[in-house]
Amino acid sequence: INDIIFHRALDSLPSDIRRAYKTNTRRLEFGKDRECSSGVEWLYKDLEFTPKDGAIVVHSPKLKSGAGDGRYSGKFYCTLLPMSRALEYILVDSLPKAA
């Protein structure tokens with residue numbers, strides 16, 4: 001889902017910005033989600049942005065609740081990349097750092 005959000009953000013920008021992102025920047029990639037062991041951990045865990053081989057890899061915290069009769073049973077929770085954060089990355093954070 002985060003990859004879809006990111007590409008929708010990229011597609012919403014003018015073609016010259018999309019072209020510049022694809023050629024002159026640190027790419028954003030999406031890694032495996034990171035399992036949380038409790039709801040409290042999931043609530044306080046943020047998206048992880050990790051540098052790797054000239055790109056930035058994003059990992060989302062996720063939580064699967066067990067089956068049962070409780071209010072939160074059988075649910076899947078995953079932190080999503082907000083469209084605003086995707087745009088910020090494309091327009092600002094992905095740019096090469098000045099020497």
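Predicted model: local features only at pLDDT ≥ 70, side-chain atom pairs only at ≥ 80, totals over all residues.
**View 1. Packing of helix α1 against helix α4.** Helix α1 spans residues 2–11 and helix α4 spans residues 83–93. Their axes lie 9 Å apart, and the helices pack at an angle of about 60°. At that angle, α1 is oblique to α4. The crossing of the two helices is right-handed. From α1, the contact takes in Ile5, Phe6, Arg8, Ala9 and Leu10. Their counterparts in α4 are Met83, Ala86, Leu87, Tyr89 and Ile90. Sorted by class, the residues in the contact of α1 with α4 are nine nonpolar, no polar and one charged.

**View 2. Packing of helix α1 against helix α2.** Helix α2 is formed by residues 15–24. The axes of α1 and α2 come within 9 Å and cross at roughly 125°. This angle makes α1 oblique to α2. On the α1 side, Phe6, Leu10 and Asp11 make the contact. On the α2 side, the residues are Arg18, Tyr21 and Lys22. The contact of α1 with α2 comprises three nonpolar, no polar and three charged residues. Phe6 and Leu10 take part here and also in the contact of α1 with α4.

View 3. Searching the whole structure gives zero disulfides. For Cys36, the closest cysteine sulfur belongs to Cys78, and the distance of 9.1 Å is too far for a bond. A disulfide would need the two sulfur atoms within 2.5 Å. Seen from Cys78, the closest cysteine sulfur is that of Cys36, again at 9.1 Å and too far for a bond. The surroundings of each residue are given by its relative accessible area. Cys36 has a value of 4% and is therefore buried. Cys78 has a value of 24%, so this residue is partly exposed.

**View 4. Asp53 in the loop between β3 and β4.** Strand β3 covers residues 48–52 and strand β4 covers residues 55–59, with Asp53 in the loop between them. The phi angle of Asp53 is near 50°. This is a positive value in a residue other than glycine. Asp53 has a relative accessible area of 76%, so the residue is exposed.

Key
Residues numbered from 1 in each chain as written. Heavy atoms only, no water. Axes fitted to C-alpha atoms, helices over the stretch in contact; angles between N-to-C directions. Helix = DSSP H or I, 4+ residues; strand = E, 2+ residues; numbered from the N terminus. Parallel < 35°, antiparallel > 145°, perpendicular 65-115°, else oblique. Left-handed = near helix turned anticlockwise from the far one by under 90°. Contact = heavy atoms within 4.5 Å. Nonpolar A, V, L, I, M, F, W, Y, C, P; charged D, E, K, R; others polar. Buried < 20%, exposed > 50% of the residue type's maximum accessible area, 1.4 Å probe, protein only.
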